Amino acid sequence: MKIATFNINGIKARANALPAWLEESQPDVAVLQEIKSVDEGFPRDLFEDMGYNVETHGQKSFNGVAILSKLPLEDVVRGLPGDDGDEQARWIEATVVGTQAVRLCGLYLPNGNPAPGPKYDYKLAWMERLRTRAKALLENEETALMLGDYNVIPLPEDAARPGAWTEDALFLPQTRAAFRKIVNLGFTDAFRARHLGPGHYSFWDYQANSWERNNGIRIDHILMTPQAADLMTGCGIDREVRGREKPSDHVPVWVDLAA
DNA sequence: ATGCCTCCCCGAGGGAGA
């Protein structure tokens, strides 16, 4: 089962690029972030015609997440628990059943800039809620993935120019510590289990010719519970997508599971 | 780089992103 995460930066703006990538990459599941659309505005027919089931958790103008799946999506939950007053659409989870059940948690973690400030406080609080959900997945021994745009650069090697990010909410020590605190509960970073060393990125800014200069960062991650990690047969980043017509600023990251 | 593009809102130009 091939499962991908892709921050598409607006479903309307990606009406060509997203179907083209799905057609060639053929993921069984694609978890999307920043659909920037309400549920009613999401072009679900486009993906249903390609054989995908569609579940969205949208919001006007900002944020918004979705899951496309060739297998039925069961037990869909929208919103990350822990703050009933949180109006931002950043979390959706569902179960897909192949040869076995896999719980998929699609997430769009807050950016947090500028830091310090209320946006950074929200990011850290959101990460603490994520840690609570992550603990439950481990305690239940679920075959589960938490995947999406984490807005976290885990290590200096995950940025082409780490020195440019030292004051940024994506790379502050407190951000990286909060991310480690989740990973160290017992998750495996799928990409790092397969590929070591610098030079692997999932985001290149639209500005200052970042793509042409390969000035990227790796902020889109797939975290696996031990039961999911046992099933991994491959993981990759579709970096060439960034060089195409009207691209998102992120590219897809995917994992293959024997499930 | 207190922001070089691009997205969204709409029907101008500002907020947000990372």
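Tutor: Two strands pair if DSSP finds at least two bridges between them. Keep that in hand for this predicted model.

Student: What makes β7 and β8 a pair?

Tutor: Strand β7 (residues 101-108) and β8 are joined by 6 bridges. The cut-off is at least two, so they pair. The two strands run parallel.

Student: Which residue stands opposite arginine 103?

Tutor: Alanine 144 in β8 stands opposite arginine 103.

Student: Why is the crossover from β7 to β8 called right-handed?

Tutor: The chain goes from β7 through helix α3 (residues 118-139) to β8. With the strands pointing away from the viewer, a clockwise path over the helix counts as right-handed. This β-α-β crossover is right-handed, so its path runs clockwise in that view.

Student: How do you know that β8 also pairs with β12?

Tutor: There are 5 bridges between β8 and strand β12 (residues 220-224). At least two are needed, so this is a pair too. Its sense is antiparallel. Within it, leucine 147 has isoleucine 222 of β12 as its bridge partner.

Student: Why is asparagine 9 called partly exposed?

Tutor: Asparagine 9 has 19 other C-beta atoms within 10 Å. Buried needs 20 or more, and exposed needs 12 or fewer, so a count in between is partly exposed. This residue sits in the loop between β1 (2-7) and α1 (17-25).

Student: And what makes alanine 208 exposed?

Tutor: Its count is 10 other C-beta atoms within 10 Å. The limit is 12 or fewer, so alanine 208 is exposed. Alanine 208 lies in the loop between β10 (203-204) and β11 (216-217).

Student: What is noted about the phi of these two residues?

Tutor: Most residues other than glycine have a negative phi. Asparagine 9 has a positive phi of about 50 degrees. For alanine 208, phi is positive at about 60 degrees.

Student: Which residues come nearest to DNA strand B?

Tutor: Gly10, Lys12, Asn111, Gln207 and Ala208 do, of the 21 residues around DNA strand B.

Conventions:
Residues are numbered from 1 along each chain as its sequence is written. Chains are lettered from A and ligands numbered from 1 in the order in which they are written. This is a predicted model: local features need pLDDT of at least 70, side-chain atom pairs count only at pLDDT 80 or more; totals for chains, interfaces and linings use all residues. A residue is near a molecule or strand if its C-beta atom, placed from the backbone, lies within 6 Å of it. Helices (H or I, at least four residues) and strands (E, at least two) are DSSP runs, numbered from the N terminus.
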